Amino acid sequence: RLTPGGSPVSAQIPLLPGESITSAEPRVVQGKAQLSLAPQAYSASWFSVLKEDGELTLSAPETALWTESWRVEPGPTWHVETEGLPRVLEEDGGARAHQFHPWPGEKVTLAITRPGATVGQAVTIDQSVLTLTPGVRATDAELTLSLRSSRGGQHALTLPDGASLLSAKIDGAVQPLRLEGRKLTLPIRPGPHAVVIAWRQPGGASMLFKAPELSLGASSVNAHLQIAMPSRWILFVGGPGIGPAVVFWSLLTIFLLVSVGLGKTGLSPLSWRAWFTLSLGLTQISVTAAAIVAGWFLVMGLRAKHPPQQAREFDLAQLFLVGLTLAAAVCLFRSITRGLLGLPDMQIAGNGSSAQLLRWYLDRSGEAPAQPWVFSTPLWVYRLAMLAWALWLAESMLRWARWAWGCFTTEGAWK
């Protein structure tokens, strides 16, 4: 009531099309609510229901007996679009509430829809770790999944061709599962789970080893792939994401440039090809040790061209050359030993990788994990290459020794 109290008020409020009052008051006569206010009453209300319809039109009657305001609050399963009268912004109104203050004769049309369900996956894989261990004739694989499921059911994995299931564990409990062709079906309950699948597949370490093709059944984040390599000569690696790199080839490129520069100094009997061939074996020792060998040639060349004139300086230089010769001989012996008896050092680094364990990481991956590859050869190929280098070094040392003795004895060997 907007007017002062003290007198009764009555009004006939037309109902909306399809509206049915569910409360005891007021009475309904010919589609109108018979509203009565006692002399001291200031408000009245009622509850009603509407039939479900896609469209609802609200119209303000052209009367001076009352004014109307409309507030529409759709539930979470309904969506409302308005047309006609613009809504009124309320500071305390919810984001989904629509408030209207119409003038007589104004109206608003509400388009009401129930949004359909959004298609989505029920299983989320938070992390996947695939570890491959190539052998001589077969490869052992272990897949560890950290997943969450919003509902119970079954989740299917697709293993590589020819895989033989070794074990399947869910939350540490062994599951009596079996492969149906390539498909392995896991019983999943709602909540987080840790799944560990182990299998063996045909085909071991080869010249070009590639990760097998399989499917996790859902997209994955934090995907890790590890290859535990046997004792082989790893030449190249490749794969997406963050992974290892064979730094040896970058180091060899630097040695090539240095060899060209050393060949132009004229301080040694080595051409740039001989310098580069020598550096091939020196890559298996530290850069400092390789620098000692290269420095021996340069110092010997300087000794022949610019021998010291003072007796004391001459003798000290001779002692220094003897010590440097012994150090260079030890470094060369070390390089031959590493080459013929040790494992190849290809300077593999990146993402915590080494020659024994290659590791890749992707922050996001599809159902099919990445398939990195490794190009390698058996160790006997490396041994033959190092044997050929050692034989070349032995033959070359006969010539270098005569040259070095001539440099050492220029203007005498001791004063």
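Two notes on the basis. Residues are numbered from 1 along each chain as its sequence is written, and side-chain values use heavy atoms, with hydrogens and water left out. As the model is predicted, local features need pLDDT of at least 70 and side-chain atom pairs count only at pLDDT 80 or more, while totals for chains, interfaces and linings use all residues.

I start with the rings. There are 11 aromatic pairs in the structure. Rings of Phe, Tyr and Trp (its six-membered ring) pair if their centres lie within 6.5 Å; planes under 30 degrees apart are stacked, over 60 edge-to-face, and the rest tilted. Why is the pair of F236 and W249 stacked? Because the planes of F236 and W249 are at 5°, with the ring centres 5.2 Å apart. F236 belongs to strand β20 (residues 233-238) and W249 to helix α1 (residues 248-263), so this pair ties together parts 13 residues apart in sequence. Helices (H or I, at least four residues) and strands (E, at least two) are DSSP runs, numbered from the N terminus. F236 has a relative accessible area of 37% and is partly exposed; W249, at 30%, is also partly exposed. Buried means under 20% relative accessible area, exposed over 50%, and partly exposed in between, with a 1.4 Å probe and protein chains only.

The pair of W392 and W400 is edge-to-face, at 5.7 Å centre to centre and 80° between the planes. W392 is partly exposed at 24%, whereas W400 is buried at 3%. Ring pairs link both into a cluster with W275, W296, F297 and W403.

Next, charges over rings: NZ of Lys or CZ of Arg within 6 Å of the ring centre and within 35 degrees of the ring normal. R114 lies over the face of W78, 4.1 Å from the ring centre, and R1 over that of Y42, at 5.6 Å.

Now the serine. S335 sits in helix α4 (residues 311-341) and is buried, at 0% relative accessibility. Beyond its neighbours within four places in sequence, S335 contacts (heavy atoms within 4.5 Å) G281, L282, I285, M386 and W389.

Last, the cores. A nonpolar core is a set of buried Ala, Val, Leu, Ile, Met, Phe, Trp, Tyr and Cys residues joined through side-chain atoms within 4.5 Å. The largest has 66 residues, and W199 is one of those with the most contacts inside it. Helix α5 (residues 379-408) gives the largest share of this core, 8 residues. Another core, of 10 residues, lies apart from it and includes L58 and W70.
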